[in-house]
Amino acid sequence: MDWFSAGLPREGDDAEVLRIGDLAHSDVPRAGLDDRSDAMKPRLGDWDLCVVVGGATVVLGVATEEALANGGDQPVAQIMDEAPTTYRPHTPARDVAAAMGEHDQDHVVVTNAAGQLLGVARRQEVEAAASS
């Protein structure tokens, strides 16, 4: 599995299984703990969240668009959801789709084994990929 999670070429019976890492968007907005909520909202683009990262892009939390809009000039650290559930890139997309449905999640954070952000996968894309 370390081979898969490193994004290296796959072979064998599981080579064609779509993995959550294949669906993760690395362009998700990122914030630091001290970034101001009101300064982050304009940087979201077409995202409705940002991932809060520390040194070496280790995931610390997630801040939703709503939380940022209501956060005023507070630091993102004050309004973020701490320690979000994360998935390793080698996890099959069908397994993640099932978990997203069960927990009513719109997004999932994908990290490497060290907790560093690789990207975020959107539920609609994960469910579509899992059903194909």
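This is a predicted model: local features need pLDDT of at least 70, side-chain atom pairs count only at pLDDT 80 or more; totals for chains, interfaces and linings use all residues.
Asp46 is exposed, with a relative accessibility of 66%.

Asp46 pairs with Arg122 in a salt bridge, and the closest N and O atoms are 3.7 Å apart. Where do the two residues sit?

I will go through some of them. In general, side chains of opposite charge can pair when their charged atoms come close.

Next is Arg123. Its side chain meets that of Asp104 in a salt bridge, at 3.0 Å from N to O. Arg123 lies in helix α7 (residues 123-131), and Asp104 is in the loop between α6 (93-103) and β6 (107-111), so the two tie together parts that are 19 residues apart in sequence. Are these two residues buried or exposed? Arg123 is buried, at a relative accessible area of 18%, because the limit for buried is under 20%. Asp104, at 58% relative accessibility, counts as exposed.

Arg123 also has a salt bridge to Glu127, with 2.9 Å between N and O. Both residues are in helix α7, and because they are four residues apart there, about one helical turn separates them. Glu127 has a relative accessible area of 33% and is partly exposed. Taken together, Asp104, Arg123 and Glu127 are linked in a network of salt bridges.

Now the sheet. What is the strand order? The sheet is open, has four strands in the order β1-β2-β3-β4, and its pairing is mixed. The edges are taken by β1 (30-31) and β4 (81-82); each has a single partner strand, so one side of each is left without a neighbour in the sheet. As a reminder, strands of a sheet pair through backbone hydrogen bonds, either parallel or antiparallel. Here β1 and β2 (residues 49-53) run parallel and are joined by two bridges. On that pair of strands, Ala31 is opposite Val52 in β2.

Two more residues before I stop. Pro75 is found in the loop between α4 (65-70) and α5 (76-79). Its relative accessibility is 32%, which makes Pro75 partly exposed. Which residues does Pro75 touch, leaving aside neighbours within four places in sequence? The contacts are Leu33, Asp34, Asp35, Arg36 and Ser37. For Asp35, the separation from Pro75 is 40 residues in sequence and 5.4 Å in space, C-alpha to C-alpha.

Thr111 is buried, with a relative accessible area of 1%. Which side chain makes a polar contact of 2.7 Å with the side chain of Thr111? That partner is Arg88. Leaving aside neighbours within four places in sequence, Thr111 is in contact with Val59, Thr86, Tyr87, Arg88, Pro89, Gln116, Leu117 and Leu118.

To recap, the salt-bridge network links Asp104, Arg123 and Glu127, and a further salt bridge joins Asp46 to Arg122. The open sheet has the order β1-β2-β3-β4, Pro75 is partly exposed, and Thr111 is buried.

Definitions and conventions:
Residues are numbered from 1 along each chain as its sequence is written. Side-chain values use heavy atoms; hydrogens and water are left out. Two strands pair if DSSP finds at least two bridges between them. Buried means under 20% relative accessible area, exposed over 50%, partly exposed in between (1.4 Å probe, protein chains only). Contact means heavy atoms within 4.5 Å. A salt bridge is a side-chain nitrogen of Lys or Arg within 4 Å of a carboxyl oxygen of Asp or Glu. A polar contact is a pair of N or O atoms within 3.5 Å; within protein, one must be able to donate a hydrogen and the other to accept it, and residues adjacent in sequence count only if both atoms are side-chain atoms.
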